[in-house]
Amino acid sequence: MNWRINPEAGPIFRQIVDSVKAGLARGTLSPGAKLPSARVLAETLRVNPNTVIRAFEALEREGITETRRGLGTYIREEVDVAAIRETLIRQAAQRYLEEARALGLSSDEALRALEEVMHAGKS
Amino acid sequence: MLAKVEGVEKRYLKNQALSGVNLKLKAEQVVGLLGLNGAGKTTLLKLLAGLLLPDRGRVEVLGWPPRRVRGQLVYLPEQDPWPAWATPRDLARLMSALFPDFDHGRFHELMAFMEVPKRPLGQMSRGQKARARLAVALARKARLYLLDEPLAGIDLISRDRILKALVREWRSQATIVLSTHEVGEAEGLFDRAVFLKEGRVVLDAEVEALRQQGKSVVETFKEVLA
C-alpha cells in the first residue's frame, strides 16, 4: 500500500482518503483488507492522529470502510471497486482535458494526441 | 479551554518582546508556534509555563496562573540546562523527584523508541541529546506540553525520530505547543498554526483549512512572515 502524502497538495485527510481509493483501484488494497490503526498510520506518515481519524470517518461515510468494534478498520467486502476505478479514470481524463485546453488544443486534437500516444505505446 | 493568553505585553529593557497577544488553547490540539528568530516564540512559551510574568494582560492555564498548575504543564527549553556528566537515568531520577507524574515505564519506552544511548549527555551528539531531553519531557503526564524548538539544529534522523515519538506519545487530553522555524517537516503534525511576527500574532489558523485554500503551512509561513 502506497501512502502518498504531500502537505503542499491540499488537505492531508483528503489525501489519505484518495490513497485508499487509489489502492483499491490499483489492486494493492482488496475488499476485506484491514487498514492500519489510526495511530500506527499517523506515526508512519508523521501526521496528526486527528487527521487520520478524520480520513477514516470520511471513508466510512462513503461506504468504503467499516469499523469492527475492537478489531479495527476494514475495507468493506461489498465495496464497488469498479465504480471507484471508473471515478478515478474520469478524474484523470478531466485533468488531461483541462491540460490540453490550457495548451490551446481542441477536444479533437486532445483525443488525437491520446490515440497517437496509445498507438506509439503498442508498437 | 485549556489555556488563555489575553492582551499580553512583555518588554525586556528596550525590547518589546510581545505586544497585544491573544491566544486560546483548546484541549487535544497540536499547535505549531511559528516565527523567525526574535519573533517572541520563546517569550510566549515561558509566559505559558509561568517562568515569566506579563507586564500587562493575563495568562491562565486550566483557569489558574501557570505557576499554580506547574504539575499540569511541561516546558522543554531550547537550551539544555543539564550538566554534561548526567546520564538519562540521572535525569529520570531528578525529574521523578521533582514531579510525581513522571512515569519511569514510559520514559524507558521512549528512550528505546528513540534509540537514545545510555551515556552521559556530554558524550552524546546534539541529536541524541535532543532525543534524551524529549524523552524526559514526554515521560510526564501533563495536560500542556510546551516544547521550544525541539527540532532545531539537529540531524535528520533525530528530527524524524522526534516527530514519530510526538505522534506516538500525543494522547487525547494533552495539548502540545511546539515552536519551530523549520516548518516543513513538522507541519503534518499540527492541528493549528500560530504565526508570530515581531511580537504579534499575525495569523492563527487550522492547517487543514489552509490546505483547503491551496496553501501549505510552509507557503503561508513565507507569505505571512516575509
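Helices here are DSSP runs of H or I with at least four residues, strands are E runs of at least two, and both are numbered from the N terminus. Going by that, chain B holds eight helices and nine strands. Its radius of gyration, taken over C-alpha atoms, is 17 Å, close to the 17 Å that the globule rule gives for 226 residues, so chain B is as compact as a globular protein of that length. (The rule is 2.2 Å times the number of residues to the power 0.38.)

A word on ground rules. This is a predicted model, so local features need pLDDT of at least 70 and side-chain atom pairs count only at pLDDT 80 or more, while totals for chains, interfaces and linings use all residues. Residues are numbered from 1 along each chain as its sequence is written, chains are lettered from A and ligands numbered from 1 in the order in which they are written, and side-chain values use heavy atoms, with hydrogens and water left out.

Back to chain B. Along the principal axes, its C-alpha atoms fill a box of roughly 45 × 40 × 35 Å. Of its 226 residues, 54% are buried, meaning under 20% relative accessible area with a 1.4 Å probe and protein chains only; exposed is over 50%, and partly exposed is in between. Take the contacts (heavy atoms within 4.5 Å) between residues at least 6 apart in sequence: 70% of them in chain B join residues at least 24 apart.

Now let's bring in chain A. Here 16 residues of chain A touch 22 residues of chain B by that contact cut-off. Together the two chains bury about 1600 Å², 49% of it on carbon and sulfur atoms; buried area is the accessible area (1.4 Å probe) lost on putting two parts together, summed over both. On the chain A side, A:E43, A:R46 and A:N48 supply 38% of the area buried against chain B, more than any other three residues.

A:E43 leads us to helix α2 of chain A, residues 38-45, whose buried residues are A:A38, A:L41, A:A42, A:E43 and A:L45. These pack against α1 (12-26) and α3 of chain A, and also against α3 (104-113) and α5 (156-169) of chain B. Just after α2(A), A:R46 takes a positive phi of about 60°.

One last stop is A:I53, in helix α3 (residues 49-61) of chain A. A:I53 counts as partly exposed because its relative accessibility is 38%.
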